[in-house]
Amino acid sequence: MRVALFATCLADAMFPQAAQATVTLLERLGHDVVFPDAQTCCGQMHINTGYRRQARNLVRHHTDVFEPYDAIVAPSGSCVGSVRHQHAVIARGVGDERLADRAAQLATRTWELSEFLIDVLGVEDVGAYFPHRVTYHPTCHSLRMLRVGDKPLRLLRAVRGIDLVELPAADQCCGFGGTFALKNAGTSAAMLADKMGHVLATDAEVVTAGDASCLMHIGGGLSRLESAVRPLHLAEVLAATDGSRP
Amino acid sequence: MTTFLGMPHAPRGVGQLRGDEPFPAAADKALADRQLRRNLGHATATIRDKRARAVAEVADWEQLRLAGEAIKAATMARLGEHLIELEAAVTARGGHVHWARDAVEANRIVTDLVRATGATEVVKVKSMATQEIGLNEALESAGITAVETDLAELIVQLGHDKPSHILVPAIHRNRTEIRDIFLRHMPGVDPDLTDDPRRLAMAARAHLRAKFLTARVAISGANFAVAETGTVTVVESEGNGRMCLTLPDTLITVMGIEKVVPAWTDLEVFLQLLPRSSTGERMNPYTSTWTGVTPGDGPQEFHLVLLDNGRTAVLADEAGRSALHCIRCSACLNVCPVYERTGGHAYGSVYPGPIGAILSPQLTGIEDNASLPYASSLCGACYDVCPVRIDIPSILVHLRGEHVDARAQRALPSPEALAMAAAAWTMAGPRRFRLGERLLRLGRLLARGGRIRRLPPPLSAWTAARDLPEPPAQTFRQWWRTRPGDGRR
């Protein structure tokens, strides 16, 4: 299948390894990955901070770029959540019905990685090998906006060599929330402290999640604690094989 | 005399709906109170688990939620008609109906009604509407003492404190603190009182019993009012409400106009949704319903005060109006990671937590509660538990948009607005975006050992508690171009 990679601006600029791993994984499964070079940002930060007018321009750009493709995949629950549940609303809110219809159409062809693997490709065992102790944090938007459920865990359980440990209070937010982390930094840090406590309690070597943004938050906190726990995107764990070292 | 000039404006909400400081500042104070954090963490986790168990028992819970949502939406679509029907039904059964535009008007109506009875003390059933309008304070300035009879409200009142939760207003207090409040402020209390919950409840019971037996006037809120029959309903756990609703001669009920339901049968849905969502019980212990007055049985005079206080203005906003569907169960507070850490006082308004963050700014107008829609990480836990499926995260985002649009009317844009405009301009064009990425790489100069530990404001808010990884030497798109044959795709 020809798959258009929606890398997300954060992974493109700050966590290229997550997007690279998505490419590696999909190609290993026999698919043809393309990267529409004009892509920038889905506009989620603008939408969620209240800048609807500017967000509309980003929604239009995103729709223009990805409209020619039949299958669009992103290593992010929250960016796909924005495309699926916010883009048409934003367009309609500023009176752009035509864009709203196009965005709604595009949303039906846009998938988060674990959804795409399980629902569209029908694979659970992606042939990964990752001999480490790993705990999985379900990100809020993948869990409650996209309803990915246990799909990421099913993919992780099929990884050879993995020692997967359950994260206590896993469904609690890590406190990132985009600009929330800046506007309400104290509350965000308090939420992060509890999330890190749960991660550390698992004695895992790696904390993984389907969103680079939440991992940047949890990882940034762990780094400040001088913790040895490594944040790694779900795609990186799933892309790992005998011969590779993420 | 007033001169009417065109369309009337929906009144704005006044009363106890505004805080003294923005949410982040108030939250930081609460975060520093370790006892508060422990009390809240313990209490919210307990109610959360209890609710989850009670809800899991109901096979058709999702259908019930859909029914609750549908009834509320249909009611709001014809709210005016239902209210007029309610007024007619209550009046026909011997009650009196009063219409209050806002808190000031409602307080004046209630004060005048109490004065007319000659009473100087009233007993109160726990009620959010009377908290919202600041009725106790209004009565006090008229020389009338209002006695809260709900245990938690009594704790708050005796401690000269403010409620911090819709259902459990003293959730921020543990039992040792409650014992200390009773010892200090409850007249005639046993000086050897311990913090045993049973002993505390017995002390409150003895204190309140005397009040119930002497009160001539009671004041309540309402959970529901049935338009077709004129029946008002109060749902409670302790029986104090039942005492207030049956013993005094005069009963005054203050009710937000959104509490009306069209038909008696609608209660079937809500009386299943509410107790399981709020206290995690299959049924609440006491459900009181009354219709006007019944000669020789219960209060012989009944007044129903219908309160707007900003609600009509909320109803006018299509994207935000479902905030009026709230049945005050407080499930969203108990699952909210923000509320769990800051408590209710940080929200300023009597309506805290996620529902407060969408309701208060709409009742008062966004400019008076501008920080509340941002007091959420948009994690969505509130939407999942809401018994009437209010999409709180979407309304939070909508209100942020309303706030930004309102700010944009000012002559000078805020630094944030400038930064957001610059970011959007950069991101809306691929060439500019690539240039932006190259500029981001300058961040590597700030990194030591692969991480950035300090950044200037406003990003210092991030680095106060977290590191940032060093920007990579190569972006994804640069890596992509190095792949054979991929450069032009």
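In what order do the four strands of the open sheet in chain B run, and with what pairing? In this predicted model, the order is β8-β5-β6-β9, and the pairing is mixed. The edges of this chain B sheet are taken by β8 (260-261) and β9 (286-291), each of which pairs on one side only. Looking at one of the pairings, strand β5 (residues 224-226) of chain B runs parallel to β8(B), and two bridges join them. One residue pair to look for here is V226(B) with its bridge partner V261(B) in β8(B).

Chain A has an open four-stranded sheet too, and here the order is β2-β1-β3-β4 with parallel pairing. The edge positions go to β2 (32-34) and β4 (110-112) of chain A; each has a single partner strand, so one side of each has no neighbour in the sheet. From one strand to the next, the twist averages 35 degrees. Three bridges hold the parallel pairing of strand β3 (residues 72-74) of chain A with β4(A), and V73(A) has W111(A) in β4(A) as its bridge partner. Packed on this sheet is helix α5 (residues 77-85) of chain A, which touches β3 and β4 of chain A. The direction of α5 makes about 150 degrees with that of β4(A).

Back in chain B, the domain assignment gives domain 1 (23-312) and domain 2 (433-489). The centres of these two domains of chain B, taken over C-alpha atoms, are 54 Å apart.

Helix α9 (residues 175-185) and helix α10 (residues 197-214) of chain B pack with their axes 11 Å apart, at an angle of about 30 degrees. Angles under 35 degrees count as roughly parallel, and α9(B) and α10(B) are therefore roughly parallel to each other. Their crossing is left-handed. On the α9(B) side, the contact is made by R175(B), I178(B), R179(B) and F182(B); these meet P197(B), L200(B) and A203(B) in α10(B). Sorted by class, this contact has five nonpolar and two charged residues, and no polar ones.

That leaves the contact between the two chains. Here 50 residues of chain B are in contact with 51 residues of chain A. On the chain B side, helix α18 (residues 392-407) supplies the largest share, namely five residues. By class, the side of chain B that touches chain A has 32 nonpolar, eight polar and ten charged residues.

Definitions and conventions
Residues are numbered from 1 along each chain as its sequence is written. Chains are lettered from A and ligands numbered from 1 in the order in which they are written. This is a predicted model: local features need pLDDT of at least 70, side-chain atom pairs count only at pLDDT 80 or more; totals for chains, interfaces and linings use all residues. Domain bounds come from an automatic or database domain assignment. Two strands pair if DSSP finds at least two bridges between them. Axes are lines fitted to C-alpha atoms, for helices over the stretch in contact, and angles run from 0 to 180 degrees between N-to-C directions. Angles under 35 degrees count as roughly parallel, over 145 as roughly antiparallel, 65 to 115 as roughly perpendicular and the rest as oblique. A crossing is left-handed if the near helix is turned anticlockwise from the far one by less than a right angle, and right-handed if clockwise. Two residues are in contact if their C-beta atoms, placed from the backbone, lie within 7 Å. Ala, Val, Leu, Ile, Met, Phe, Trp, Tyr, Cys and Pro count as nonpolar, Asp, Glu, Lys and Arg as charged, and the others, Gly among them, as polar.
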